[in-house]
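Welcome! Here is a short briefing to read with the sequence and the 3D view side by side. Take your time with each topic and find the residues as you go.

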Amino acid sequence: MPPDLKPILLSLSQGIPPHDKLTRLVFICRSIAESLLRTYHRQTTELLFPHGWSLYDLSMDCLGELFARDSSGRLYKLEAFLQNLDHPAHQLSDVSLFLALKAYINRFLSFRLTKLLGEADPEGRRITRNIREAIGRKNSALRLLRDVRGELLVTRKRDQTETLPEFPLDVLEQQLQIQMQGTLSVRSILEAVAAILNAHTSYRRAVRLIDLVQIIKRMHARFFFHDRNGEMTFEPVFDGDWFALRRSAIRFAAQKIDATYFRKKKVTEKEALSLLMVVTAILDQWFSGEGDEANYYEHARRELQCSEEEYSQRWAARIHYLVKITRAHLADQMES
């Protein structure tokens with residue numbers, strides 16, 4: 001607990017603090033943010049590292065909104081924090097004020113990390129959206145709660161397990177693979193997760209949302225392609241109201257990638273899956289009503305990890321061809 005934190009925060013009620021105090025407050029808040037990122041948001045942070053985000057960059061970016069100013073230059077977010085405390089700041093102990101600020105900073109971290117991860121990981125964003133929709137339905141097997149660890153999916157029998165260790169992710173993933181066969185849906189996965197968590201008495205009946213999203217992504221990847229006697233087949237794994245049409249389009253694209261590129265050894269299995277992810281992202285942008293202005297290179301850069309030169313030389317023609325024939329397939333489906 002920095003001994004000068006309380007005086008600096010109290011000075012906010014008198015207007016903008018001097019530059020040296022403001023610099024010190026930014027430093028303290030950044031230290032808190034970095035600690036939270038390492039402790040409670042470690043996996044999310046590590047997922048963003050390959051996209052060029054350092055721990056310092058993330059902490060400063062997430063705190064940008066916290067230090068927003070109004071038209072008169074006042075730090076209105078921090079002032080709102082002080083005004084909404086259970087007791088006036090000067091009546092709180094140094095430790096209580098520090099913990100309250102830590103929780104407030106964590107709200108900004110959670111919100112910003114969710115947005116950044118969605119931008120860096122569109123597939124994860126789609127899965128997260130489907131989970132939220134499933135959780136919002138009646139009789140959902142899991143509930144969504146928020147605490148300093150981020151967003152948690154908890155069972156209805158969560159009581160008296162908070163002091164237990166977290167549920168091992170490798171065990172959860174292994175048991176999910178055993179239980180989930182054939183076509184995967186988010187709702188069936190959530191029901192299976194609840195059953196697995198409730199069956200154990202040695203661990204918390206909860207799993208972090210970000211952890212489950214990554215497990216589902218790996219399960220999807222395994223179900224997209226199965227190598228059988230040197231051939232690759234596709235099984236759909238997504239939810240949605242327009243599921244049938246989208247599923248047909250993705251299956252068609254997967255079959256074309258398989259026959260045209262993978263079986264002819266023009267791409268590796270990993271590249272084939274990444275190529276399908278590019279086509280899927282472009283189609284989803286089209287489905288969402290954003291028109292034909294998809295930035296093919298941005299999707300390719302994210303999924304194939306290619307430079308602009310590599311995209312131009314190796315991937316551009318293939319992606320444009322796949323999108324073109326898949327859209328033609330969609331047009332035939334909609335007319336039939």
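Two residues are in contact when they have heavy atoms within 4.5 Å of each other. Leaving aside neighbours within four places in sequence, Ser-274 is in contact with Glu-303 and Leu-304. Ser-274 has a relative accessible area of 12%, so it counts as buried. Please keep in mind that this is a predicted model.

**The chain as a whole**

- The protein chain contains 14 helices and five strands.
- Of its 336 residues, 48% count as buried.
- Take the contacts between residues at least 6 apart in sequence: 65% of these join residues at least 24 apart.

- For a closer look, pick Leu-9: apart from neighbours within four places in sequence, Leu-9 is in contact with Leu-25, Phe-81, Leu-82, Leu-97 and Leu-101.

**One side of helix α4**

- Leu-55, Leu-58, Ser-59, Cys-62 and Leu-63 are buried in α4.
- These residues lie on the same side of α4 because they cover an arc of only 120 degrees around the axis.
- What do the buried residues of α4 pack against? Their partners are α2, α3 (42-48) and α6.

- Met-1, Val-95 and Leu-99 make a nonpolar surface patch of about 270 Å².
- Met-1 sits in the segment before α1.
- The relative accessibility of Met-1 is 40%, so this residue counts as partly exposed.

**Salt bridges**

- Side chains of opposite charge can pair when their charged atoms come close.
- The structure holds 14 salt bridges.
- One of them joins the side chains of Asp-4 and Arg-24, at 2.8 Å from N to O. Asp-4 is in the segment before α1 and Arg-24 is in helix α2, so this pair ties together parts that are 20 residues apart in sequence.
- Asp-4 is partly exposed, with a relative accessible area of 27%, and Arg-24 is partly exposed at 29%.
- Lys-77 and Glu-65 also meet through their side chains in a salt bridge, at 3.6 Å from N to O. Lys-77 belongs to helix α5 and Glu-65 to the loop between α4 and α5, and the two are twelve residues apart.
- Both partners count as partly exposed: Lys-77 at 22% relative accessibility and Glu-65 at 40%.
- Arg-74 forms a salt bridge with Glu-79, with the closest N and O atoms 2.8 Å apart.
- Finally, look for Arg-30, Glu-34 and Arg-38, which are linked in a network of salt bridges.

Technical notes. Residues numbered from 1 in each chain as written. Predicted model: local features only at pLDDT ≥ 70, side-chain atom pairs only at ≥ 80, totals over all residues. Heavy atoms only, no water. Helix = DSSP H or I, 4+ residues; strand = E, 2+ residues; numbered from the N terminus. Buried < 20%, exposed > 50% of the residue type's maximum accessible area, 1.4 Å probe, protein only. Patch = residues over 30% accessible without salt bridge, like charges linked within 9 Å, V, L, I, M, F, W, Y side chains within 5 Å. Areas by Shrake-Rupley, 256 points an atom, 1.4 Å probe, with all protein chains shown as cover. Salt bridge = Lys/Arg side-chain N within 4 Å of Asp/Glu carboxyl O. Arc of directions from axis to C-beta.
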